[in-house]
Structure formats: structure tokens, C-alpha cells
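The exercises below are to be worked with the sequence and the 3D structure in view. Each task is followed by a solution in steps.

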Amino acid sequence: MTVSTTTKSAADWLAEVRALEGRGELVLAYDTAMRALAEHPDDIWLKFRAVLALAKSGATRRARDEFRRLGLTGRTETDIAALEAR
């Protein structure tokens, strides 16, 4: 029996996170985004979706802390800047 060592692409993870968000499974979306970041630690959109899931779930203080911890402060991408303002 062989064990597959392939990992999902960041785009595949992002699609999964967005699908979970779409079903209202925000905590699972956050957890999934964080698992994805273990494989793709520099992906800003996975970081963004993780923080957004927290914010949507009402965990605004935690979202703010994660926003900073994940290095999203000061980013100029429209969606990220809007989330920072929020």
C-alpha cells in the first residue's frame, strides 16, 4: 500500500473554505483555512478567509487578533483593507 504525499493546492483549499462559508459552517471554514495555511503559510487569501470566517461568526476580537498575527495589517488589496477597517 502506498501513501499519497500530494497536498492540495492553495486554490483547492480556498474553494473548500468558501464552500463551507456558503453553507454557514464558519467555525469549520476557519479551521479548514488554518489547516490549509499549514501547507501554504504565505497565501494571503487563505489568511483573509480565516479572519473573515471569524468575523462573520461574531468573534470580532479574535478576528482582529488573527488579522494582526497573520500579517494582514497594512495590505492594500481591496478586500483585505476593507476587512481591516471593519
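**Exercise 1.** Does R49 count as buried or exposed?

*Solution.* This is a predicted model, in which local features need pLDDT of at least 70 and side-chain atom pairs count only at pLDDT 80 or more, while totals for chains, interfaces and linings use all residues. Residues are numbered from 1 along each chain as its sequence is written, and side-chain values use heavy atoms, with hydrogens and water left out.

Step 1. Locate the residue: R49 is part of helix 3. Helices (H or I, at least four residues) and strands (E, at least two) are DSSP runs, numbered from the N terminus.

Step 2. Apply the cut-offs: buried means under 20% relative accessible area, exposed over 50%, and partly exposed in between, with a 1.4 Å probe and protein chains only. R49 has 11% relative accessibility, so R49 counts as buried.

Step 3. List the contacts (heavy atoms within 4.5 Å). Leaving out residues up to four places away in sequence, R49 touches L14, V17, R18, E21 and K56.

**Exercise 2.** Describe how helix 1 and helix 3 pack.

*Solution.* Step 1. Two packed helices are described by the angle between their axes and the distance between the axes. Axes are lines fitted to C-alpha atoms, for helices over the stretch in contact, and angles run from 0 to 180 degrees between N-to-C directions.

Step 1. For helix 1 (residues 10-22) and helix 3 (residues 44-57), the angle is about 15° and the axes are 10 Å apart.

Step 2. Angles under 35 degrees count as roughly parallel, over 145 as roughly antiparallel, 65 to 115 as roughly perpendicular and the rest as oblique. Helix 1 and helix 3 are therefore roughly parallel to each other.

Step 3. On the helix 1 side the contact is made by A10, W13, L14, V17, R18 and E21, and on the helix 3 side by W45, L46, R49, A53 and K56.

**Exercise 3.** Where does L70 lie, and which residues does L70 touch?

*Solution.* Step 1. L70 sits in the loop between helix 4 (60-69) and helix 5 (78-85).

Step 1. The relative accessible area of L70 is 11%, so L70 is buried.

Step 2. L70 touches L37, K47 and V51, not counting residues up to four places away in sequence.

**Exercise 4.** How many helices and strands does the protein have?

*Solution.* The protein has five helices and zero strands. Buried residues make up 35% of its 86 residues.
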